[in-house]
Amino acid sequence: MELARDLVRVEIARLPTTGMLLGVCPVLRGLFVHGRNVTEMEVRIPQAIRIALEEMGYRDIEVEKLEDEGTDDVSAVLTVRRYKLAFRRLTVVH
């Protein structure tokens, strides 16, 4: 198994109808995280990233929040969190 590394960004927006927060990742399709506040989101996002990568066949997943939150100029996005990933892809032999 080869160790791979990557960076992902999770966009957190406030839903106007409920006031809840919704985090999505453009790279990890299907990653949706909800919460009442950013602190709650920061706990849930790494768990959701691990689950998404496990479903894709990755193992030994490490998720580390980067301190630089970025300053993306997207009006619909409340804030952005970036995460550094390390993981192993299992080799399937047919």
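Helices and strands here are DSSP runs, numbered from the N terminus. The model is predicted.

**Exercise 1. Read the fold.**
Find how many helices and strands the protein chain has, and in which order they run.

*Solution.* 
Step 1: Count the elements. The chain holds one helix and five strands.
Step 2: Walk from the N terminus. The order is β-β-β-α-β-β.

**Exercise 2. Take strand S3 apart.**
Which residues of S3 lie on the covered face, and which on the uncovered one?

*Solution.* 
Step 1: Recall the rule. Side chains in a regular strand alternate between the two faces of the sheet.
Step 2: Apply it to residues 32–35. Val 33 and Gly 35 form the covered face of S3. Phe 32 and His 34 form the uncovered face.
Step 3: Look for the partner. Strand S2 (residues 21–24) runs antiparallel to S3, and four bridges join them. Across this pairing, Val 24 stands opposite Phe 32.

**Exercise 3. Find the core.**

*Solution.* 
Step 1: Nonpolar side chains tend to be buried together in soluble globular proteins.
Step 2: Size the core. The largest nonpolar core has 20 residues. Among those with the most contacts inside it are Val 10, Ile 45, Ile 49 and Tyr 83.
Step 3: Assign elements. S1 (3–14), H1 (38–55), S4 (58–65) and S5 (79–89) each supply at least two core residues. H1 provides the largest share, six residues.
Step 4: Check one member. Leaving aside neighbours within four places in sequence, Tyr 83 has contacts including Val 10, Ile 45, Ile 49 and Val 63.

Methods
Residues are numbered from 1 along each chain as its sequence is written. This is a predicted model: local features need pLDDT of at least 70, side-chain atom pairs count only at pLDDT 80 or more; totals for chains, interfaces and linings use all residues. Side-chain values use heavy atoms; hydrogens and water are left out. Buried means under 20% relative accessible area, exposed over 50%, partly exposed in between (1.4 Å probe, protein chains only). Two strands pair if DSSP finds at least two bridges between them. A nonpolar core is a set of buried Ala, Val, Leu, Ile, Met, Phe, Trp, Tyr and Cys residues joined through side-chain atoms within 4.5 Å. Contact means heavy atoms within 4.5 Å.
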